[in-house]
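Hi there,

Here is the structure I promised to pass on to you. Have a look at it first, and then read my notes below.

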Amino acid sequence: MNSLQVCCGEFIRIILFVLNFIFWAAGGVILGVGIYVKVQLEDLKHIEVSHDTLQTSALFLISLGCIVFVVGLLGCCGSLTQNRCMLLLYFSLVTLIFIGEIALAIAVYANKDSVTKSIKEQFGDCMDKYNNQTEPICQDTIDTLQSVLKCCGVEGPSDWSARNYTAPPTSCCKDNATCDYASAYQEGCYPTINTFVNTNAKYIGFGVLGVAIVELLGMALACYLRTYIMKRDEYEPYTV
């Protein structure tokens, strides 16, 4: 192998290591935050988010952190030790994640109308079960959404009066002590979410595109480095 090929191979190895070191560190941070939230649930009661939402968020962060941590660790170790098996496993995992993201994006886009309709129906169903003590998750979910998004009902406060509530839940108002239809947020939660998504669609798109580009870059670098190592190993016996 000539010196240019060796330099390119070493350069690619360093770039792949640095890229995956960042992912490994980020995965560790996400995992740590998830574990902290999970352990400190009782100390986070002052946050305007329900206990169930915090627990679900903690489990999501732990799962995401584990995936990013493991993938980043494989990339780091594979590039550092120049282990072909690790690089192949890293390439396979990133490829699976990439294909899964593409499939999920296509499924959501193709069924966006039915997804939107389903969200509205589930929100309305939870409103019907708001005072049902056997399903407290509905009350927690609605109170969290209305407090955080500063909205009330599906389309507006009238959704609560249509269900024979003399007053909307306290989460519909800034002052959680008392609440009535006059002081409640007049915007419904569905239009609020819809407006947020439409307003920030391009930023969401850029974020997804950025992640996809980084994944493709990692796959290409791992593929190139593995090929370089194989060629180098084949060439070295002839140089002895």
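Which helices each supply at least two residues of the lining of the largest pocket? They are α3 (84-110), α4 (112-128), α5 (136-149), α7 and α8.

Before going further, a word on the ground rules. This is a predicted model, so local features need pLDDT of at least 70 and side-chain atom pairs count only at pLDDT 80 or more, while totals for chains, interfaces and linings use all residues. Residues are numbered from 1 along each chain as its sequence is written, and side-chain values use heavy atoms, with hydrogens and water left out. The helix names follow DSSP: helices are runs of H or I of at least four residues, strands are runs of E of at least two, and both are numbered from the N terminus.

**The pockets**

The largest pocket holds about 1200 Å³ of space. Its lining has 35 residues, and the closest to its centre are Val 108, Lys 112, Val 115, Val 197 and Ile 204. By class, that lining divides into 23 nonpolar, 7 polar and 5 charged residues.

The second largest pocket has a volume of about 360 Å³. Of the 15 residues that line this second pocket, Phe 23, Val 68, Ile 97, Glu 101 and Glu 215 are the closest to its centre. Here α1 (3-39), α2 (51-81), α3 and α8 each supply at least two lining residues. The classes come to 11 nonpolar, 2 polar and 2 charged.

Some terms to keep at hand: a pocket is found on a 1 Å grid over the protein atoms alone, as an open set of points where a 1.4 Å probe fits, with protein on both sides within 12 Å along at least five of seven lines; lining residues have an atom within 4 Å of a point. Grid points are joined across faces, edges and corners, and the volume is the space filled by probe spheres set on the points. For the classes, Ala, Val, Leu, Ile, Met, Phe, Trp, Tyr, Cys and Pro count as nonpolar, Asp, Glu, Lys and Arg as charged, and the others, Gly among them, as polar.

Ile 193, Phe 196, Val 197, Ile 204 and Val 208 make a nonpolar surface patch of about 440 Å². Val 208 belongs to helix α8. Val 208 counts as exposed because its relative accessible area is 52%, and exposed means over 50%, buried under 20%, and partly exposed in between (1.4 Å probe, protein chains only). A nonpolar patch joins side chains of Val, Leu, Ile, Met, Phe, Trp and Tyr within 5 Å, from residues with over 30% relative accessible area and no salt bridge.

**Salt bridges**

How many salt bridges are there? The count comes to 4, where a salt bridge is a side-chain nitrogen of Lys or Arg within 4 Å of a carboxyl oxygen of Asp or Glu.

One of them joins the side chains of Glu 155 and Lys 120, at 3.1 Å from N to O. Glu 155 sits in the loop between α5 and α6 and Lys 120 in helix α4, so this pair ties together parts that are 35 residues apart in sequence. Glu 155 is partly exposed at 41%, and Lys 120 is partly exposed at 32%.

Another pairs Asp 128 with Arg 163, at 2.7 Å from N to O. Asp 128 is in helix α4 and Arg 163 in the loop between α6 and α7, so this pair too links parts 35 residues apart in sequence. Asp 128 is exposed at 52%, whereas Arg 163 is partly exposed at 27%.

Asp 125 also forms a salt bridge with Lys 129, with the closest N and O atoms 3.2 Å apart.

**Details in the backbone**

Gln 82, in the loop between α2 and α3, has a positive phi near 60 degrees and is not a glycine. Asn 164 is not a glycine either, and its phi is positive at about 65 degrees. Asn 164 lies in the loop between α6 (158-161) and α7 and is exposed, at 70% relative accessibility.

Enjoy exploring!

Notes:
Patches are made of residues with over 30% relative accessible area and no salt bridge: like charges are joined within 9 Å, nonpolar side chains (Val, Leu, Ile, Met, Phe, Trp, Tyr) within 5 Å. Accessible areas come from the Shrake-Rupley method with a 1.4 Å probe; for residues, only the protein chains shown count as cover.
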